[in-house]
Amino acid sequence: HRQHQKCVLNDCCDPETNIQRLVIDAVKECMLVLKGAYSVVAIIDGVGLLAFRDPYGVRPLSIGRRAPVDSDKGWEYAVASEDCTFGPLEMTHLRDVAPGECVIIDQEGNITSEQVSEKSELKPCVFEYIYLARPDSVLNDISVYEYQLAMGTRLARKIQETKWPIDVVVPVPDGSRPACIQISSELGLPYREGLVKNRYIGRTFIMPDQKTRSSSVRRKLNAMSAVFEGKNVLLVDDSIVRGTTMSQIVNMVRKAGAKRVYLASASPPVKHANVYGVDMPSKRELVMANLTEEELCERLGADGIIFQTVDDLLEAGRELNPNIVDFEASCFTGHYLPDVDAEYLEAQEVSDRASRSEAVIS
């Protein structure tokens, strides 16, 4: 709207015949004002399908296409955060929207793209590969599944050094399965599905408060005695954020007869708030923000705990796509992109959203 008004007032263009240019200029203005991570998709009457991505490409955005049913028409297009969307629609992945790029696809299927951010550098969120994205997705030319297997390979090396007397390796469903399968293979230990998931309970990580998360965990998983009875168990999870889920899982696994319970996290300790759209707005919610690994192990009631290292996590991604120099990994490292300063982080800590959070583990 502002670009349209500028065009009319300055008499510098014809707003009726150059609408596409107005939209691109509007996106450029937005990127000068907006901070943080965003992937935007919109349909604009008289223009077509609009897609753009923040200058760091923190969040993924992909373009897919398929041949038309009617041969007289052009290609049909879709834009989605993950390319796993395209398969069921009988589409193929065309390409990613680049960081700081604006893409318009008109009614005839013509694509117009322009790099509207002068400063852009791909720094994708590494938490997408750990937890958020589906394993059948490819983000920024990296297979999520292959990334998770690589995380399992690296974590297995660390587990070997502990000399823990492990009898069986069990994933915490669902996100840790690829890493757990790889750990089992690397260590030569049996892989078992010992935790049965109630498919009608959503992801506890994104639930709004501690009380809801705690009650949902109890309804979400059930431990099988046939797997755990008399065994030294290695539980593998994709991440340990608030500790809500894991403390209760350790308890139910012990009740199912496990002799010892060891924990392995495929990601490093989450110690810092995520301010780029993941539901981790405050350090007060994070169980590892103020605890050592030994203190966390005691609090969770486990016999041992081990985490992926930040170096291994990032190196796994760089090996799969050498063109990515760095990842957005602030929740592990505390190093944020240039648009986040200490004042903003302090405001997040005292915000209404953060203050509604209860204790991490009751």
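Helices here are DSSP runs of H or I with at least four residues, and strands are runs of E with at least two, numbered from the N terminus. By that count, the protein has 13 helices and 15 strands. The model is predicted.

Start with the whole chain. The protein has 362 residues, and 51% of them are buried. Its exposed surface comes to about 17,700 Å². Carbon and sulfur atoms supply 48% of that area. Now take the contacts between residues at least 6 apart in sequence. Of these, 67% join residues at least 24 apart.

Next, look at one pair of helices. Two packed helices are described by the angle between their axes and the distance between the axes. Helix 4 covers residues 144-162, and helix 10 covers residues 310-320. Their axes lie 9 Å apart, at an angle of about 135°. Helix 4 is therefore oblique to helix 10. The crossing of helix 4 past helix 10 is right-handed.

Which residues meet there? Helix 4 brings E146, Y147, A150, M151 and R154. Helix 10 answers with D312, L313, L314, E315, A316, G317, E319 and L320. In this contact, seven residues are nonpolar, one is polar and five are charged.

Finally, turn to a loop. L34 sits between helix 2 (19-33) and strand 1 (39-44). Is L34 buried, exposed or partly exposed? Its relative accessible area is 41%, so L34 counts as partly exposed. The range for that label runs between under 20% for buried and over 50% for exposed.

How values were computed:
Residues are numbered from 1 along each chain as its sequence is written. This is a predicted model: local features need pLDDT of at least 70, side-chain atom pairs count only at pLDDT 80 or more; totals for chains, interfaces and linings use all residues. Side-chain values use heavy atoms; hydrogens and water are left out. Buried means under 20% relative accessible area, exposed over 50%, partly exposed in between (1.4 Å probe, protein chains only). Contact means heavy atoms within 4.5 Å. Accessible areas come from the Shrake-Rupley method with a 1.4 Å probe; for residues, only the protein chains shown count as cover. Axes are lines fitted to C-alpha atoms, for helices over the stretch in contact, and angles run from 0 to 180 degrees between N-to-C directions. Angles under 35 degrees count as roughly parallel, over 145 as roughly antiparallel, 65 to 115 as roughly perpendicular and the rest as oblique. A crossing is left-handed if the near helix is turned anticlockwise from the far one by less than a right angle, and right-handed if clockwise. Ala, Val, Leu, Ile, Met, Phe, Trp, Tyr, Cys and Pro count as nonpolar, Asp, Glu, Lys and Arg as charged, and the others, Gly among them, as polar.
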